[in-house]
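Hi,

Here is the structure I promised to pass on. Have a look at it first, and my notes follow below.

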Amino acid sequence: MCRVRSGFERTDGRHKGYNYFMPEYRRIFHPGGTYFLTLVTYKRQNIFSISKTVALLHESIEHVICLHPFKIVAFVFLPDHLHFIWRLPEGDANYSTRISQIKRRFSKQYIAIFGAQLKKSASQDKRRELTIWQRRFWEHWICDEEDLNQHIDYIHYNPVKHGLVDRVCEWKVSSFHDYVKAGFYDSSWGQGFHVDEKKYTFGE
Ligand code: NI
């Protein structure tokens, strides 16, 4: 079984020599491109506030990565939504199939465990899946290195932005700690961080 790993592809001064992220074209379905993605739970249920569902989500992602490889550059799981940056293999822009597969696998296992707690009206799995995830997701093609780094910072700052913790390092379910270990941030990073939301739109 392959494992999910977040990568360390910052391309600013703290980076160790990649230049994967130089832009070639400004278009959304860039083969082999890098994408910022946001998935939201149905009616903003706090599904990912317990470790069991976070583990199920990790397992679902691992499963889909084994079938259709891609790299997770950064991630954060919030109770009612998820943010990712994914890099797809060259010539492959199909993030939407991967998202569907992750949602489907997660839903199947979630229903198997928590099914009795779901509404009676949602009697079939497909229908129940619709009560777990919002159908739409937010995607943004990362167009250059500045864009990439803004989105990596945005992801790691997100638990503070949503008022879940006071300090970035207090939130466990993100790639921030991997980035700290790799030397891209100080563990105290985030104080005074500001996102230019006029320039960047992130969905959540
Ligand atoms: Ni968010």
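Two residues are in contact here if their C-beta atoms, placed from the backbone, lie within 7 Å. Please keep in mind that this is a predicted model, where local features need pLDDT of at least 70, side-chain atom pairs count only at pLDDT 80 or more, and totals for chains, interfaces and linings use all residues. Residue numbers start from 1 along each chain as its sequence is written.

The protein has 204 residues, and 31% of them count as buried. Buried means that 20 or more other C-beta atoms lie within 10 Å of the residue's own, exposed means 12 or fewer, and partly exposed is in between, with C-beta atoms placed from the backbone. The secondary structure comes to 5 helices and 4 strands, and along the sequence the pattern reads β-α-β-β-α-α-β-α-α. Helices (H or I, at least four residues) and strands (E, at least two) are DSSP runs, numbered from the N terminus.

Now the sheet. It is open, has 4 strands in the order E2-E3-E1-E4, and pairs them antiparallel. Strands E2 (71-77) and E4 (138-141) are at the edges with a single partner strand each, so one side of each has no neighbour in the sheet. On average, neighbouring strands of this sheet are turned by 15 degrees against each other, direction ignored. For pairing, DSSP has to find at least two bridges between two strands.

E1 (residues 34-40) and E3 (residues 81-87) run antiparallel and are joined by 7 bridges; Phe 36 has Ile 85 in E3 as its bridge partner. E2 and E3 also pair in the antiparallel sense, over 6 bridges, and a hairpin of 3 residues joins E2 to E3. Lys 71 stands opposite Arg 87 in E3. E3 itself is mostly covered, with 6 of its 7 residues buried.

On to the helices. H2 lies across E1, E3 and E4 and runs at about 35 degrees to E1. Axes are lines fitted to C-alpha atoms, for helices over the stretch in contact, and angles run from 0 to 180 degrees between N-to-C directions.

How do H1 and H2 cross? The axes of H1 (residues 51-67) and H2 (residues 95-114) come within 9 Å and cross at roughly 135 degrees, so the two helices are oblique to each other. (Under 35 degrees counts as roughly parallel, over 145 as roughly antiparallel, 65 to 115 as roughly perpendicular, and the rest as oblique.) Among the residues that meet are Leu 57, Ile 61 and Val 64 in H1, and Ile 102, Phe 106 and Tyr 110 in H2. The residues of this contact divide into 7 nonpolar (Ala, Val, Leu, Ile, Met, Phe, Trp, Tyr, Cys and Pro), 5 polar (the others, Gly among them) and 2 charged (Asp, Glu, Lys and Arg).

Leu 57 counts as buried because it has 24 C-beta neighbours inside 10 Å. Leaving out residues up to four places away in sequence, Leu 57 touches Phe 48, Phe 77 and Phe 106. Leu 57 and Tyr 110 are 53 residues apart in sequence, yet 9.1 Å apart in space, C-alpha to C-alpha.

Cheers
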